[in-house]
Amino acid sequence: MASICITKRKNKNGIVWQYRFEIGSVNGNRQWESKSGFATKREALEAGKKAQQMYDSTGRVLRQTEMTYSDLLDHWVEQEVSQTCKPNTVDNYRKKINLYIKPELGRYRIKSITKQNIKDFLLKLYNDGFSPNTISVCRGIITKSFTYAVDSDFIAVSPADHIRISRQSGLPPRVPTRTAPHVYIPADRMEEIFERFPEGTSCHLPMMIGYHCGLRLGEVFGLTWEDIDLENRTLSVNRQVQWISGSSDTDDSDSGYWYFSEPKYRSYRTIDIDEALTELLAREKAKYEAERLNTEDYVTYYTEQPLIHTGIKPEHPQAFNKISRSGSKDSGSKDNSNEEIHLIHVRNNGTFISPRTLKHTSSVIHHQLNFPEFDFHSLRHTHATMLLEHGAPLVYIQRRLGHTKVKVTTDIKTNHLTADMRSQGNSILNEIYHP
């Protein structure tokens, strides 16, 4: 092993110590690894020994750093995540980091964090009632960020490798898991909801599409009129709409905007629509066309890339397509966004009715209609359950809802027991055991 040279140096802060040792030559030229800034000769020697041992065993030299985990997370998001992930994923990671990870682990230096620190943090999330999805995303963030730290030579070994979330020998969490099960909405409840939000209100059409088609929230609000074939009574799912946050969470903020991405699981599809929904869509389209022609300063929306309307998965993914509006500061006067689009969910002046409208709608249903279990996704479960109840084949429902596996559709079948299903089951039971 080559010797480590320790030297004294002078800088603007006074006397400091430096270590230096020889590493592999390049093209016959001798190479050296060194680091300065140590307060004592002993500190420089110990740091040099560790760096040399690392180099001798792995061929790598660690960067000597006092970086905190908070700083590492910021560095990782900026240098890697934002360069390789969709904006919505970046936004989701930042929220999890700022809300959950930094408050618990951010203050520690990365070289000081242990596997037990991480396991304790994940177990705390579990015992505080966070959903399995939230815990899984946090674990993924921690694992990936420490892998980045190793690849960047900040640390030698990741403390997050092979982390498993302990369930305390099967004991339930101290706080119930923060997941609200999606419910089946009986017909009388749906009638009550649509009486409160009749045709003409901003949430009526999106809820009708959710109820009659089982689309996801982002898919409903991502629809354009070119996705609807009124003559053949079909609807094509080609995208979902998502929001990317800046410094504010309001729709009209200059620091955030809506964009289109592919449907979840790339579940492009074309589905049939019933007569009642077709008639409603025809009335809404006629109203839209009249208002677009006759309203002064009618708002128009644009995207940076052309939209597809076939309902068929394209060869190349369409991961990100920013939406801009006429007259907005971020539209660049259509310089970068010159594909005009015709959104279905708009107000009389053309402004987009966004998914956030459903927050107010849900609040009214929870409190005024005394139905706290309601959420938009329950419309999707209700649609699937109604089809199952009336004997529709599982594969038909799977394709209609865009499930990747038929098991997901089967889970809905076993999660919701309607009055008709119970009656049918009792009839079968009595037939089996009839004396």
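Buried here means under 20% relative accessible area, exposed means over 50%, and partly exposed lies in between, using a 1.4 Å probe and protein chains only. You are looking at a predicted model, where local features need pLDDT of at least 70, side-chain atom pairs count only at pLDDT 80 or more, and totals for chains, interfaces and linings use all residues. Residues are numbered from 1 along each chain as its sequence is written, and side-chain values use heavy atoms, with hydrogens and water left out.

Now pick C85, which counts as partly exposed because its relative accessibility is 28%. The structure holds zero disulfides, a disulfide being a pair of cysteine sulfur atoms within 2.5 Å.

**Zoom out.** Colour by secondary structure and you will find 14 helices and 11 strands in the protein chain; these are DSSP runs numbered from the N terminus, with helices (H or I) of at least four residues and strands (E) of at least two. Of the 435 residues in the protein chain, 44% are buried.

**Helix α4.** Select residues 115–127, a helix of 13 residues that reaches 18 Å from its first C-alpha to its last, close to the expected 18 Å. That expected span is 1.5 Å times one less than the number of residues. Its buried residues include F121, L122 and Y126, and the buried residues of α4 pack against α3 (87–105) and α5 (132–151). After α4, click on G129, whose phi is positive, near 90°.

**The cores.** Which residues have the most contacts inside the largest nonpolar core? They are I193, M207, I209, L215 and L235, in a core of 50 residues. Helix α7 (residues 204–213) gives this core its largest share, six residues. A second, separate core of 34 residues includes I110, L123, I142 and I163. Each nonpolar core is a set of buried Ala, Val, Leu, Ile, Met, Phe, Trp, Tyr and Cys residues joined through side-chain atoms within 4.5 Å.

Centre on I193 next: leaving aside neighbours within four places in sequence, I193 is in contact (heavy atoms within 4.5 Å) with I185, M207, I365, L369, F371 and F374.

**Last stop, T234.** This residue is found in strand β5 (residues 234–237). T234 counts as buried because its relative accessibility is 16%. Beyond its neighbours within four places in sequence, T234 is in contact with D227, I228, D229, T270, I271, D272 and I273.
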